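Hi,

Here is the structure I said I would pass on.

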Amino acid sequence: QVQLVESGGGLVQPGGSLRLSCAASGFTFSSCVMSWYRQGPGKERELVARITSRGGGTDYADSVKGRFTISRDNAKNTVFLQMNSLKLEDTAVYYCSAVVGIFRSWGQGTQVTVSS
């Protein structure tokens, strides 16, 4: 079955960096658009970034443009989110997601906390 396992979250000071990873299995990773979403405290889940199946196209939320970079390694079935210049408002649970067939699958999430 589809499995998405995120890692790399943690506590970081404002202005710091983190790199999230999502290891995928159970589907043809190289054929799927991959996305990162996040859900902050008291907020709805929102799209942060997505990347096309071969990595040639990316899309970002306005709030993270210029600070976050999504990338993928199809040989390792892994998608990454490099987060730089982190702000307090980036605090959230970050989820990896893929649409496989007609269903959207989610990872369990990884907590990112930006705090001084």
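This is a predicted model: local features need pLDDT of at least 70, side-chain atom pairs count only at pLDDT 80 or more; totals for chains, interfaces and linings use all residues.

On the inside, 41% of the 116 residues count as buried. As for charge, there are 12 positive and 8 negative side chains, with 5 Å between the centres of the two sets.

Now the fold. You'll find zero helices and 11 strands, so the radius of gyration is the next thing to look at: it is 13 Å for the chain, close to the 13 Å from the globule rule for 116 residues, which makes the chain as compact as a globular protein of that length. The C-alpha trace spans about 40 × 25 × 20 Å along its principal axes. If you take the contacts between residues at least 6 apart in sequence, 52% of them join residues at least 24 apart.

The bit I'd zoom in on is the aromatics. The count comes to three aromatic pairs. One of them is tyrosine 37 with tryptophan 106, an edge-to-face pair at 4.9 Å centre to centre with 70° between the planes. This pair links distant parts of the chain, since tyrosine 37 sits in strand E4 (residues 34-39) and tryptophan 106 in strand E10 (residues 103-106), 69 residues apart. Tryptophan 106 also pairs edge-to-face with tyrosine 95, at 6.3 Å centre to centre and 85° between the planes. Tyrosine 95 belongs to strand E9 (residues 92-100) and tryptophan 106 to strand E10, so this pair ties together parts that are 11 residues apart in sequence. Put together, Tyr37, Tyr95 and Trp106 make one aromatic cluster.

Tryptophan 106, at 35%, is partly exposed.

Where is it? Lysine 76 lies in the loop between strand E7 (68-73) and strand E8 (78-83). Its relative accessibility is 60%, so lysine 76 counts as exposed. Leucine 88 is 12 residues away from lysine 76 along the chain, and the C-alpha atoms of the two are separated by 32 Å.

Cheers

Methods: Residues are numbered from 1 along each chain as its sequence is written. Side-chain values use heavy atoms; hydrogens and water are left out. Helices (H or I, at least four residues) and strands (E, at least two) are DSSP runs, numbered from the N terminus. Buried means under 20% relative accessible area, exposed over 50%, partly exposed in between (1.4 Å probe, protein chains only). The radius of gyration is taken over C-alpha atoms; the globule rule is 2.2 Å times the number of residues to the power 0.38. Contact means heavy atoms within 4.5 Å. Lys and Arg count as positive and Asp and Glu as negative; His and the chain ends are not counted. The place of a charge is taken as NZ of Lys, CZ of Arg, CG of Asp or CD of Glu. Rings of Phe, Tyr and Trp (its six-membered ring) pair if their centres lie within 6.5 Å; planes under 30 degrees apart count as stacked, over 60 as edge-to-face and the rest as tilted.
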